[in-house]
Amino acid sequence: VTVTARDITLVELVDRVLNKGVVLNGDLVLGVADVDLVYVGLRLLLASAGTLDRLDGPA
Amino acid sequence: MIDSSADTALYGYAVVGPVSDELREELGDGLELIGTDELAVVVGSVPLSDFGEDVLEKRLNDREWLAETATAHEAVVHRLLACTTVAPLRFGSLHRNAASVESFLEAHDAEFRSTLERLRGRVEFGVKVWLEPRERSEPRPAATSGRGYLEQLRRDRDSAATAQEDLDERLTRIHETLLRAGVAGRVNRPQPRELTGATAEMVLNAVYLVPAGDDALFSEVQRLKEQHPDLEFELTGPWAPYNFVEEPEQ
């Protein structure tokens, strides 16, 4: 059963793509010596209410 | 082999397995598999001008960029879902090169195998329950005295508390019912009105893991709609199992 067409709201996307999924270990960023894994601390960024508010701000 | 230079990184979309010819065809030119036929990561090349740490925060607050990028991520993951078992990676999983992806896979080999085993043949559906703002059915009599006003306030407060308790109880039962129609379920925080932009209030934001092609959850939602005419039910899916990549706590 496919319930919805593939017109997905940004909120649904944020709910899944940005807030869920396998998290790589460590919030490492590019430019750190001897670190191959490049992962920016998105979860922290997105957990802040400020970011969520701005998501819905005037375009 | 996708080029990974100083200006690009490998963006991981999902851990998948097993890898079939069908999956390879689905990937086309823009995406690549790193790993083995049993367990692999689907990656694409992205410019660091978008994902570098210095620009990413700004990008994330650019609604248009975020919508476009998150949509693209979801679209890739959704295509994979038709060909194999998928454990989506969180948005923004970046590696410097293929060797880094390989060592990441090796380090989590057992974990990923058991996750994929648990998710095999299953998809995620979302169920949101909405409540329209209550309108008072009868105009209330104007209070004629200070005491009358205070009593009315108290009655209003008591009836609001009772209504909330009643709603919470119904939502708990609704979740339990839906949980029985699937193999696992989770309740997420309802999205606030500022995000949904809806007049109705989201009172339940739940997700369920169900066998692919099974319509038990769908039927159950139809029944619940009839049982709770004052609530609005929204069913979305099938999604890749974003909410179930981690072992449920129960």
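1. How many bridges join strand 5 of chain B to strand 8 of chain B, and do these strands run parallel or antiparallel? In this predicted model, 7 bridges join the two strands, and their directions are antiparallel. Within that pairing, B:Lys128 has B:Glu234 of strand 8 as its bridge partner.

2. On the strand 7 side, strand 5 (residues 122-131) of chain B is joined to strand 7 (residues 201-211) of chain B by 10 bridges, again with the strands running antiparallel. Here the bridge partner of B:Lys128 is B:Asn205, while B:Val123 stands opposite B:Val210.

3. These pairings belong to an open sheet of 4 strands in chain B, whose order is 6-7-5-8 and whose pairing is antiparallel. Its edges are formed by strand 6 (184-188) and strand 8 (231-239) of chain B, each of which pairs on one side only.

4. Two helices, one from each of chains A and B, deserve a comment. Helix 1 (residues 10-18) of chain A packs on the sheet, where it touches strands 5, 7 and 8 of chain B, and its direction makes about 135° with that of strand 5 of chain B. Helix 7 (residues 146-181) of chain B also packs on the sheet, touching strands 5, 6, 7 and 8 of chain B, with its direction at about 15° to that of strand 7 of chain B.

5. As for burial, 9 of the 10 residues of strand 5 of chain B have under 20% relative accessible area and therefore count as buried, so this strand is largely enclosed by the rest of the structure.

Terms used. Residues numbered from 1 in each chain as written. Chains lettered and ligands numbered in written order. Predicted model: local features only at pLDDT ≥ 70, side-chain atom pairs only at ≥ 80, totals over all residues. Heavy atoms only, no water. Pairing = 2+ DSSP bridges. Contact = heavy atoms within 4.5 Å. Axes fitted to C-alpha atoms, helices over the stretch in contact; angles between N-to-C directions. Buried < 20%, exposed > 50% of the residue type's maximum accessible area, 1.4 Å probe, protein only.
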